[in-house]
Amino acid sequence: MLCGTRVVCPWHHAAFNVVNGDLEDPPALDSLVRYDLRVEEERILLSLPDDAEDRRTPTMVKRDSAADSRQFVIIGAGAAGYAAAQTLREEGFRGNVVMITREDRAPYDRPNLSKDYLHGHAEPEWMPLRGEDFFKEHDIDLVFKREVTRVDARTKTITFESGETMEYDALLVATGGAPVRLNIPGADLKNVGVLRSFADADSIIETASRSRRAVVVGASFIGMEVAYSLRERGLEVTVIAPSQEPFEAVLGAEVGALFRRVHESRGVRFKLGNIVYRFEGTHNVEAVTLDNGDEIETDMVVVGVGVRPVTQFLDGVTLDQAGAVVVDSRLRAADGLFAAGDIVSFPDPRTGEYVRIEHWRTAQQQGRTAARNMLGRNVTFDSVPFFWTRQFDVGLLYVGHAALWDEILYRGDVASHDFLAFFVKNNRVLAVAGMNRDREMAAAEQLLHLDQMPTREQLELNNVSLVEMLQAPESINA
């Protein structure tokens with residue numbers, strides 16, 4: 001999709017400057033290569049070298065402590081943390097960049113844990129976002145296996161579990177979420193796991209290799225993608241959730257039912273409208289008992305019922321009731337302290353309401369915005385949320401954010417996996433979900449950003465094209 005000088009990939013919505021190829025929006029990490037061309041009458045002639053690359057690393061500066069002695073610290077090596085580190089160097093920061101992680105590896109593709117990696121279609125060496133040489137080349141110091149126990153926002157001091165301390169001039173907290181574990185009998189049995197980290201995924205894969213049956217607790221995106229992956233590995237899979245349909249609270253019952261039917265057609269069983277009462281077993285989990293007394297025998301359980309923000313170590317910032325860091329429109333939580341990703345409660349630029357959005361690309365976008373504001377650029381975070389999921393042969397894209405809605409207007413046919421779903425509240429479109437409408441979904445994101453989505457009345461008349469609306473002069477000029 002092209003909007004002015006901005007070209008958007010319709011698959012995962014990475015955006016680039018069409019004039020010079022520079023990266024403008026993730027999830028891509030690299031910029032595009034610019035090729036020489038000339039126009040001769042009605043022909044466009046492109047000069048393409050034999051050894052042409054399909055991408056280029058953005059231009060980044062190296063450390064020069066003599067020119068800039070400041071130390072910028074990033075706690076967390078996920079989507080937001082990595083994006084911030086790269087952006088600092090892209091934006092010309094020559095001071096120290098330190099990235100601290102409790103894990104034992106460099107930043108990696110976390111969304112792929114529940115997708116290709118879990119069902120065996122991605123090798124471990126494919127998962128890192130960058131090789132460790134990249135961080136050395138660009139003077140980004142990685143600190144592995146270090147647990148932060150306290151951040152004092154007033155003194156700008158970080159304390160580690162060992163008792164050591166580190167001072168910062170600017171700090172980005174991007175620690176992400178910790179999986180919610182069920183507080184029920186049997187929760188500590190072996191082979192009851194969660195999925196958040198590389199180690200979690202490897203543990204699930206190892207357990208699955210010696211299991212025949214699996215139970216997934218939760219019909220969230222993680223839960224449903226785990227169910228898909230385990231079924232691909234040949235296990236008998238049962239999904240248990242209190243909702244009436246998967247994704248009901250996010251996508252509505254009709255789209256949720258579509259995903260349920262897709263899973264059922266591949267042999268996945270569902271126990272919906274039920275709550276897990278206890279896990280049964282002596283050492284290993286052997287069965288799951290539901291609130292209605294039903295018992296489901298199993299060899300393993302994966303719990304996917306959400307995450308809680310990892311923020312308990314922060315002192316001197318405001319946390320909401322869920323433990324999320326409350327930030328302003330520039331992702332600032334205190335003087336010199338910024339936060340990004342799953343831990344952030346931020347003002348939605350379209351509604352003004354404070355929201356917390358747990359999407360990979362949103363975390364990347366926030367990391368880039370936070371990095372610029374660490375440098376004093378005074379940039380407002382106004383990106384449109386986007387996520388995607390693919391389960392068996394069905395993929396869905398979603399742009400915007402609608403925690404609640406008055407109605408869902410459909411264009412196309414949900415049953416045929418060819419539709420757009422518009423989530424409307426107070427006669428305003430807040431979000432759009434779609435299947436096999438990639439160009440229209442790319443256009444929808446740009447129109448949401450420009451606040452030029454069609455009205456409810458236009459959608460009901462079914463006489464508007466999102467692509468044509470985006471390419472109208474007023475949208476291009478905006």
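Author: Happy to. The sulfur of C9 is 16 Å from the closest cysteine sulfur, in C3, so the two are too far apart for a bond. This is a predicted model, where local features need pLDDT of at least 70 and side-chain atom pairs count only at pLDDT 80 or more, while totals for chains, interfaces and linings use all residues. Residues are numbered from 1 along each chain as its sequence is written, and side-chain values use heavy atoms, leaving out hydrogens and water.

Reader: How many disulfides does the count come to?

Author: A disulfide here is a pair of cysteine sulfur atoms within 2.5 Å. By this rule, the count is 0 disulfides.

Reader: Is C3 buried or exposed?

Author: Buried means under 20% relative accessible area, exposed over 50%, and partly exposed in between (1.4 Å probe, protein chains only). C9, at 27%, is partly exposed. C3 has 13% relative accessibility, so C3 counts as buried.

Reader: Which residues have the most contacts inside the largest nonpolar core?

Author: A nonpolar core is a set of buried Ala, Val, Leu, Ile, Met, Phe, Trp, Tyr and Cys residues joined through side-chain atoms within 4.5 Å. The largest one has 63 residues, and those with the most contacts inside it are V151, I158 and L337.

Reader: And which residues does L337 touch?

Author: Contact means heavy atoms within 4.5 Å. Leaving aside residues up to four places away in sequence, L337 touches V151, A153, Y168, L171, V173, V317, L331 and R332.
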